[in-house]
Amino acid sequence: MTTAAFDLAAIGAGLSFTPAVEALRAALDTSTSVVVSAPPGTGKTTLVPPLLASRSSGRVIVTQPRRVAARAAARRLAQLDGSPLGTRVGFTVRGERAIAPETRVEFVTAGVLLRRLLDDPGLTGVDAVIIDEVHERAIETDLLIGLLSEVRQLRDDLALIAMSATLDAARIAAVIGSDDAPAPVVEHEVPAFPLTERWAASSAPRLDERGVTRTFLEHVARTTASAAVDLRRDDSAADVLVFAPGAREVSEIARRLRDTTDGFDVRELHGRLPAAEQDAVIRGRRPDEPTRVIVATSLAESSLTVPGVRLVVDTCLARAPQRDAARGMTGLVTTAASRSSSVQRAGRATRQGPGTVVRCVDERTYATAPARPTPEIASTDLADAALLLACWGAPGGTGLRLIDPLPSQNLADALRVLHDLGAIDDEGRATSAGRDLARIPTDPRLARALRDGGPAVGSRLAAEVVALLGGDVRTADSDVSQAIVALRGARSPEARRWRSEADRLERMTAPAPGVRPDLDGVGLVIALAFPERIARRVDRTAEGATFLLASGTRAGVSGPLAAAEWLAVADVTRAGGRASAGTGAVVRSAAMLTEEQMERAASHLLTDRVEAEFVGGRVQARRERRVGAILRSSAPVRASASEGREAVRRALQREGLGMFAWSASAADLRNRLALLHRERGAPWPDVSDDALVAALDSWLSPELDALAGGTPAARVDLTSALRRLLPWPDARRFDELVPDRLEVPSGSRIRIAYPAPDETDAPPVVAVKLQECFGWAETPRLVDGRVPVLFHLLSPAGRPLAVTGDLASFWSGPYAQVRAEMRGRYPKHPWPEDPWAAAPTRHTTNRAAR
């Protein structure tokens, strides 16, 4: 490898970041990890890599979040270095590379470096890694920081530079620094040229249930056309940059501008374009060429510098991954762009001089936008990340210094997917199959479809399906099979890009001789990737159909696919309107599936079992065949004893003990036991609803068998069942401690009303005629004298007179008034002045109640 130094003076000529080089050198002299913070367009991506290469003999790897940015940065540095691209300076992105053994600076996407780390954890021959655009918080960038921090524990000579336009520098410095101190921070600020802010809110809403509204896109196009005319009049050398959330919106705005304006060169810039078209936009224009209006996605926000821009028109919208945990779905959604993103977009107008930003919202809407974008790690599907971490030996990120931990629920869902794929074992460690899947640069589910689908449908068709699913290709009428037919015959850039990706994927699969490719196999490949999204039609309407997915989600389907019985769904997203058929979700891409293919792809989701339920007092059972949540068939059968017993158990757990008809004796026995448990605790049992349901086998086992055998719930003898809970030998004193009846001085035996188990403070109650209590000086007590009885004292006619839990106090106080009122009304009944001393003719001492 050549050791010739880069000419930093020549490369840095005219770059704003050049004055910061000495500060960076000083930081590198004291630490091998450094954080660099500088605004977009200052030249840090161009100047820092050759600086690192000049300090060592090994290779410098620079990561970029997007392929177009990696290619552009490599081409720019090679041009300034005066060397052919692919020699001293090169790049590697998915499906394309330009490097040589002597390459000193290699630009790569973060995903490329992650997979390279799996094969070479020590990064042999690499002396420095620069992670650019850290502020975007792409999940692959976050993972790289964690993995490289661990690599540097073994390789303290490996330099690590984190660079960003807007960065929480202190936080990143703490993560990539040592245990003793954070990494030093090199901040470079440039005097800002004046920025004029204008507001051009649309009278129509920006978003509806289907995404960005056409009315808003028309508004953006009109606003851009008007501002561009003014700019061209004032500065013919200046260009316009328009920010839209996605490729579809970019194309719509560009089309409207071409249809309504003259004399402008309207260009598009997004990830779907061929590399040559992207590079043409980045190179700029000659003075004799017309004013350009570049309509771009967020990749022009900080990853790329578009020269000549003095006017920015911002939709203030962004496309970001969002996960619906309830449905288990992840997809790109359009939301308000963060204010930090909007500031970066506006900064593109002032890189070379005073500029203007026109925001297509009002100031109030702008102020309510989030301050920063949500880190991708918090909102996206984690299957790919979880597999990479498992292969690295850090399942779930355990032990890694990550900026943010992986969200627990999202991680659990991802691990379940990987386990179903056979990619990880029960401990979360990568299996040999998982390591094979990780080497295929695509989502693990698509990797599994490519690996297992090739032998079944042919390696070419499997590669074509996976290339379509892994790319950003729109499918007409949601039909993946028809989309493949259309792409095979098309000559568009999208079709060429798809064929190139399919070629690359096909080379990764083993040939399948003797297998005849057939479009009927498209559904199988999709089902192998997403078995939980296998779907069956459950309803059909004039507008479409409702399908139930194996995951339990319902989604609407329109077009020809609505007639299918089974579908393999590749993409289902949240949506409203008629297309969702009231389900809240819509299938965006799918293919027809046969039942045989379904069984092959989702064997782990197939069940065939008897489902027994206790309904209407009896056990009813059906044999059900399912794939996940989808019911394939159901037929009535006779439940076995164990199935019936479990059905009764579930009913009791669901409905509680109220499903029984409690007799008076059973309720009384339960209440007496409840009082003993309340006052004495063990060994007297807890007979609350929860406790009894939790201990069914200990007291209700024979009755469960009887119910399972067909005995109606109304005929169950709960009194006998509860007696099984009586603890021996203590049960011999049960009637003494909590007697069923209380013998009063008159000789009558009065029933005691015990409180229910949920009446935790209520006393036992005896309702008795007052005269029958004459001779009792004190209130009798139960449970060995612990619990006084509450008396409801009645008149000779049985009407309420008084309530007391203290007879002594009643005799010495309120009784005098009761006596005075009642003597005249009931003259034939005794009303002694000293009732506690009265001695009725029939009087016995109730020892059990003392």
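Me: Leaving aside neighbours within four places in sequence, which residues is Arg496 in contact with?
Reply: Happy to start there; this is a predicted model, in which local features need pLDDT of at least 70, side-chain atom pairs count only at pLDDT 80 or more, and totals for chains, interfaces and linings use all residues. Residues are numbered from 1 along each chain as its sequence is written, and side-chain values use heavy atoms, with hydrogens and water left out. Arg496 sits in helix H19 (residues 493–506), where helices (H or I, at least four residues) and strands (E, at least two) are DSSP runs numbered from the N terminus. With contact meaning heavy atoms within 4.5 Å, the partners of Arg496 beyond four places in sequence are Pro274 and Arg491.

Me: Is Arg496 buried, partly exposed or exposed?
Reply: Buried means under 20% relative accessible area, exposed over 50%, and partly exposed in between (1.4 Å probe, protein chains only). Arg496 has a relative accessible area of 44%, so the class is partly exposed.

Me: How confident is the predictor in the protein on average?
Reply: pLDDT is the predictor's confidence in each residue, from 0 to 100. Over residues 841–850 the score stays under 50, and the model has 14 contacts beyond four places in sequence for them. In the protein, 96% of the residues score at least 70, and the average pLDDT is 89.

Me: How are H4 and H10 oriented to each other?
Reply: Axes are lines fitted to C-alpha atoms, for helices over the stretch in contact, and angles run from 0 to 180 degrees between N-to-C directions. The axes of helix H4 (residues 67–81) and helix H10 (residues 275–283) come within 11 Å and cross at roughly 55 degrees. Val68, Arg71, Ala72 and Arg75 of H4 make the contact with Ala275, Gln278, Asp279 and Ile282 of H10. Angles under 35 degrees count as roughly parallel, over 145 as roughly antiparallel, 65 to 115 as roughly perpendicular and the rest as oblique, so H4 and H10 are oblique.

Me: What is the handedness of the crossing of H5 and H6?
Reply: H5 and H6 pack at an angle of about 35 degrees, with their axes 10 Å apart. On the H5 side, Leu113, Leu114 and Leu117 are among the residues that meet H6, whose share includes Leu143, Leu144 and Leu147. A crossing is left-handed if the near helix is turned anticlockwise from the far one by less than a right angle, and right-handed if clockwise; that of H5 and H6 is left-handed.

Me: Why is helix H13 largely enclosed by the rest of the structure, and how many of its ten residues are buried?
Reply: The cover over the buried residues of H13 includes helices H5, H6, H14, H15 and H16. One of those buried residues is Cys391, with a relative accessible area of 9%. H13 (residues 383–392) is largely enclosed because the number of its ten residues that are buried is nine.

Me: How many disulfides does the structure hold?
Reply: A disulfide is a pair of cysteine sulfur atoms within 2.5 Å, and the structure has none of them. For Cys316, the nearest cysteine sulfur is that of Cys360, 7.2 Å away. Cys316 also counts as buried, at 5% relative accessibility. The number of disulfides is zero.
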